[in-house]
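Here's a quick briefing to read with the structure open beside you. Have a look around first, then go through the points below by topic.

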Amino acid sequence: MTTDLRGRITGWRQAGADRRAANSAADLDRRPAFPGRWISGISLIVGPTLILAGTLLRSEFYYFVPYQLRAYSQHPTLITAAYTCFALGFVLLWPAVMTLAQRISVTNPLWGMWGGCLVMIGLFTRTFQFGIDHMSFHLTDVLGLSTMLEGVTGYYDAWRETLWHPFKTMSGPAFFGWIVLAVGAYRSGALGLGRSVALGLMSALALGPLKGTEPQSFIAVGGLCLAFIPLGVSLLRNGPAPTRRAMIWTVVLIAVHVLMTGFGPRG
């Protein structure tokens with residue numbers, strides 16, 4: 001019985017290794033030009049890191065809505081930094097999700113398509129909710145904490161009574177998309193079992209405006225880091241360095257962005 005079980009485990013591990021090898025070989029032959037190895041690699045590393053930073057920065061405050069507003073009224077710089085890191089991490093995550101979905105698709109197109117689309121819809125949903133967070137914090141400065149606590153309570157009541165809204169219907173993909181992507185990553189061989197399970201843990205991350213760090217947030221975001229960051233490092237290491245022309249254009253674009261941010265129209 002023990003020998004049979006050991007043989008099954010060995011066969012299961014070998015099957016997983018064969019899937020990963022087949023996926024790696026197919027990916028080398030069909031690696032898409034967009035978004036490119038460098039953008040994808042940086043996204044896979046920086047996106048999860050920023051989300052983790054935001055999660056840690058606001059972890060000392062209770063996650064429920066009123067406590068988040070009170071935390072902002074007492075520590076505006078800290079809470080602004082936390083929510084900004086969190087939101088920016090999700091915005092920067094789209095090349096990472098696209099890259100993994102493309103890698104899944106080389107051996108399992110259906111799982112790659114559905115997993116990638118569902119997760120990216122979820123990214124838009126979280127960005128929409130960050131806009132509510134951002135305005136709520138600034139209105140707290142203008143209207144005061146007590147007024148905003150009443151206003152946010154009224155917002156949640158009105159949102160619950162809203163029969164249909166596009167971003168309300170997108171809450172499902174924000175949760176379940178990660179599970180679909182994780183299953184696709186394992187079935188296709190794009191990721192091993194451990195990192196696929198870690199990726200699926202992102203479905204436990206709380207969704208909604210003014211939601212802080214919950215206990216399961218560390219598990220979810222830690223799983224994302226475990227799944228994505230090694231893949232990003234591998235992408236950046238396995239290939240040539242950027243050309244001089246690419247580096248010049250990168251510097252030019254960054255300089256233009258800084259100038260437009262500093263001297264562009266405001267309001």
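Which loop does M170 lie in? M170 sits in the loop between α8 (166-169) and α9 (171-188). Keep in mind that this is a predicted model.

**The chain as a whole**

- Read from the N terminus, the elements go α-α-α-α-α-α-α-α-α-α-α-α.
- The chain has 267 residues, and 38% of them count as buried.
- Take the contacts in the chain with a separation of 6 or more: 81% of them are between residues 24 or more positions apart.
- The accessible surface is about 14900 Å², and carbon and sulfur atoms account for 69% of that.

**α5 with α6**

- Helix α6 covers residues 109-143, and α5 packs with it at an angle of about 170°, the axes being 7 Å apart.
- Angles over 145 degrees count as roughly antiparallel, so that is the label for α5 and α6.
- The two cross in a right-handed sense.
- On the α5 side the contact uses W94, V97, M98, A101, I104 and S105. The α6 side brings P109, W111, G112, M113, G116, V119, M120 and L123.
- By class, the contact of α5 with α6 has eleven nonpolar residues, three polar ones and no charged ones.

**α2 with α5**

- Helix α5 (residues 94-105) also packs with helix α2 (residues 37-57), here at about 110° and with the axes 7 Å apart.
- That angle makes α2 roughly perpendicular to α5.
- This crossing, of α2 past α5, is left-handed.
- I39, S40, S43 and L44 from α2 make the contact with P95, A96 and T99 from α5.
- Sorted by class, the residues in the contact of α2 with α5 are four nonpolar, three polar and no charged.

**α3 with α7**

- Helix α3 (residues 65-74) and helix α7 (residues 145-161) have axes 10 Å apart and pack at an angle of about 150°.
- α3 and α7 therefore run roughly antiparallel to each other.
- α3 goes past α7 in a right-handed crossing.
- V65, P66, L69, R70 and S73 are the α3 residues here, and they meet L145, M148, L149, V152 and Y156 of α7.
- The contact of α3 with α7 comes to eight nonpolar, one polar and one charged residues.

**T99, a residue in α5**

- T99 lies in helix α5, and it is one of the residues that α5 brings to the contact with α2.
- Is T99 buried or exposed? T99 is buried, at a relative accessible area of 13%; the cut-off for buried is under 20%.
- Setting aside neighbours within four places in sequence, T99 touches P35, S40 and L235.

- M170 has a relative accessible area of 24%, so it counts as partly exposed.
- Which residues does M170 touch, not counting those up to four places away in sequence? They are I121 and T125.
- M170 and T125 are 45 residues apart in sequence, yet their C-alpha atoms are 6.4 Å apart in space.

**L210, another loop residue**

- L210 is in the loop between α10 (193-200) and α11 (215-237).
- Its phi is near 55°, which is a positive value in a residue other than glycine.
- L210 counts as buried, with 1% relative accessibility.

**T80, in α4**

- T80 belongs to helix α4 (residues 76-91).
- With a relative accessible area of 35%, T80 is partly exposed.
- How many residues apart in sequence are T80 and F137? The answer is 57, while in space the pair is 8.2 Å apart, C-alpha to C-alpha.

Key:
Residues numbered from 1 in each chain as written. Predicted model: local features only at pLDDT ≥ 70, side-chain atom pairs only at ≥ 80, totals over all residues. Heavy atoms only, no water. Axes fitted to C-alpha atoms, helices over the stretch in contact; angles between N-to-C directions. Helix = DSSP H or I, 4+ residues; strand = E, 2+ residues; numbered from the N terminus. Parallel < 35°, antiparallel > 145°, perpendicular 65-115°, else oblique. Left-handed = near helix turned anticlockwise from the far one by under 90°. Contact = heavy atoms within 4.5 Å. Nonpolar A, V, L, I, M, F, W, Y, C, P; charged D, E, K, R; others polar. Buried < 20%, exposed > 50% of the residue type's maximum accessible area, 1.4 Å probe, protein only. Areas by Shrake-Rupley, 256 points an atom, 1.4 Å probe, with all protein chains shown as cover.
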